[in-house]
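Here is a short report on how parts of this structure pack together. Keep the model in view while reading.

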Amino acid sequence: MSFDIHLSGHVKSVVEATLPGLVASLVASGITGGDSSLWGPEAEDEASRRLGWTEAVSVSRPLVPEILALRERLHARNVTRIVLAGMGGSSLAPEVITQTSGAPLVILDSTAPGQVLAAIDGDAQAGDLTRTALVVSSKSGSTVETDSAKRAFEAAFRDLGIDPAERIIVVTDPGSPLDQEARADGYTVFNADPTVGGRYSALTAFGLVPAGLAGADISELLDEAEASLLEVSIDSPDNPALVLAAAIAGGEPRKDKLGLITDGTHIAGLPDWIEQLVAESTGKGGTGILPVVLLPVSPEVDAKPADLQIVRFVDEAKKFHLFEHHEGEILVSGSLGAQFVVWEYATAIAGRMLGINPFDQPDVESAKVAARGLLDARPEATAPAFAVEGVEVRVSDPALAASGTVAGVLDALWARLPEDGYVAIQAYVNRLELGQLSGLRELVAADSSRPATFGWGPRFLHSTGQYHKGGPANGVYLQILEQTDVDLEIPGRPFTFGQLIQAQAAGDAAVLAEGHGRPVVTLTLTDPQIEVLSLFEAAQ
């Protein structure tokens, strides 16, 4: 079997009670057969245009020789460094595929100017840009982050006397603005299946083109996925997708948070891909499932909050359960291709169980609109409530800043947490230089005594950003920004990368606070390398 799942304790009881109804509803065979009515009349139109992922393996097979041939042509010209500019579903799947296979792929899913410059220059002394090709991935063809990266790379290539058409490969839906523009400019274009939504696109051109060019074995990946297709399409209690859906979306009261732990598996980074798939698919209409990416030693693992269900990714689920301290967890093992297929099916089935449309993202656009408005109007930055030890503090509610200390502000923010709440940490910084900030998640979870998520901005806006606004109104939000002298022009745009990332942070904060009444604290580090330490101290 290409995918194994082992259950014990409470979650096993939930599945045993829920599974017969799922089997009887014929939902698995219905999805495979393209039944768009499964999610109700309001979702039917969207679902009728979003079920192509069930056929992605067969549709994508012809792409493999094209991708490998292009890789050979690039290598023949000594172009061996692949950079991917993409957001959300366009970058998360290729990241998992290449990390798992050990293929080198530079992911650019940020507008932090230092990170953009690092992607362009690489090791400048080694002449990295002279051997670089850029994959530009955008389903809509109008993603501002991806368009900005493309413009910056085009200018950098031209500065070296390199024709961008020789180095830029585009992946987009047919007929998108990017598709038309790229073809007119003579770029190599791969069209993806327009009947597949971004977060379900792992096995389409969006996942395969950058991963294949980087050197991952994409043919084997499709073989792995294909081996699981029969299992997930049958209305049977042995169907792993039905079992998984029952485990993550069943039960009364339902556990609405999903702790995702990688523990000894050969697959690298899968929880980050699942985080987007599940959060953006289910976080709407005031309901949803919140994925929380954990370490084996995270505070939540010991605390075991009543509303958190742990999923542990291991190499052999059937053997791993022999360790009694994993009682009540969902143990999962399987090939990467099978993981993609089973989680996509399970997420779609979970959407039906929750009574929502798992294929739209109605609240994602709001932050984009707010950011565009700020870029157009260019208002003066709001004055901080206070600044201490190089950290500027801004708050959505003045009462949050009453203490005058960073630690006091954080305590005040945690005090706004309901019993079933969560903390979302959002770091709009250059993560190549401030990667240690991700360690803040563990401290915040311990200090707040509630599950905490961590997202790099603006990447998470294309992922958990939907859940923050459309899901249950029980989150509190901690933004971390940086002041830096590093900036970069965006050719043809009246704003820089530095201004763009600031507007994205401010826009999202405004939508959360003003549009949804959620508490938001923004901490700006004026000397990031130094203030990170004081931030860690405050969080303890």
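This model is predicted. Begin where two helices touch. Ser90, Pro94, Ile97 and Thr98 of H6 meet Phe206, Gly207, Pro210, Ala211 and Ala214 of H10. H6 covers residues 89-101 and H10 covers residues 205-214. Their axes lie 8 Å apart, at an angle of about 40 degrees. That angle makes H6 oblique to H10. The crossing is right-handed.

A second pair is H17 and H21. H17 spans residues 364-377. Its axis comes within 7 Å of the H21 axis, and the two cross at roughly 125 degrees. H17 and H21 are therefore oblique to each other. H17 passes H21 in a right-handed crossing. On the H17 side, the contact is made by Ser366, Ala367, Ala370, Ala371, Leu374 and Leu375. H21 contributes Gln499, Leu500, Ala503, Gln504, Ala506, Gly507, Asp508 and Val511.

The table sets out the two pairs.

| Helix pair | Axis distance | Angle |
|---|---|---|
| H6 and H10 | 8 Å | about 40 degrees |
| H17 and H21 | within 7 Å | roughly 125 degrees |

Which residues of H7 are buried? In this helix, residues 113-121, they are Pro113, Gln115, Val116, Ala119 and Ile120. They cover an arc of only 165 degrees around the axis, which puts them on the same side of H7. An α-helix has 3.6 residues a turn, so residues three or four places apart point the same way. What do the buried residues of H7 pack against? Their partners are strand E2 (81-85), strand E3 (106-108), helix H8 (144-159) and helix H21 (497-515). Just after H7 comes Gly122, with a positive phi of about 55 degrees.

Now turn to the nonpolar cores. The largest has 93 residues. Trp273, Ile330, Phe340 and Trp343 have the most contacts inside it. Helix H16, residues 336-354, supplies the largest share of this core, 12 residues. Phe340 is in contact with Ala93, Ile97, Ala202, Leu203, Leu221, Leu270 and Trp273, leaving aside its neighbours within four places in sequence. One of these partners, Ile97, is also among the H6 residues that meet H10.

Methods: Residues are numbered from 1 along each chain as its sequence is written. This is a predicted model: local features need pLDDT of at least 70, side-chain atom pairs count only at pLDDT 80 or more; totals for chains, interfaces and linings use all residues. Side-chain values use heavy atoms; hydrogens and water are left out. Buried means under 20% relative accessible area, exposed over 50%, partly exposed in between (1.4 Å probe, protein chains only). Helices (H or I, at least four residues) and strands (E, at least two) are DSSP runs, numbered from the N terminus. The arc is that of the directions from the helix axis to the C-beta atoms. Contact means heavy atoms within 4.5 Å. A nonpolar core is a set of buried Ala, Val, Leu, Ile, Met, Phe, Trp, Tyr and Cys residues joined through side-chain atoms within 4.5 Å. Axes are lines fitted to C-alpha atoms, for helices over the stretch in contact, and angles run from 0 to 180 degrees between N-to-C directions. Angles under 35 degrees count as roughly parallel, over 145 as roughly antiparallel, 65 to 115 as roughly perpendicular and the rest as oblique. A crossing is left-handed if the near helix is turned anticlockwise from the far one by less than a right angle, and right-handed if clockwise.
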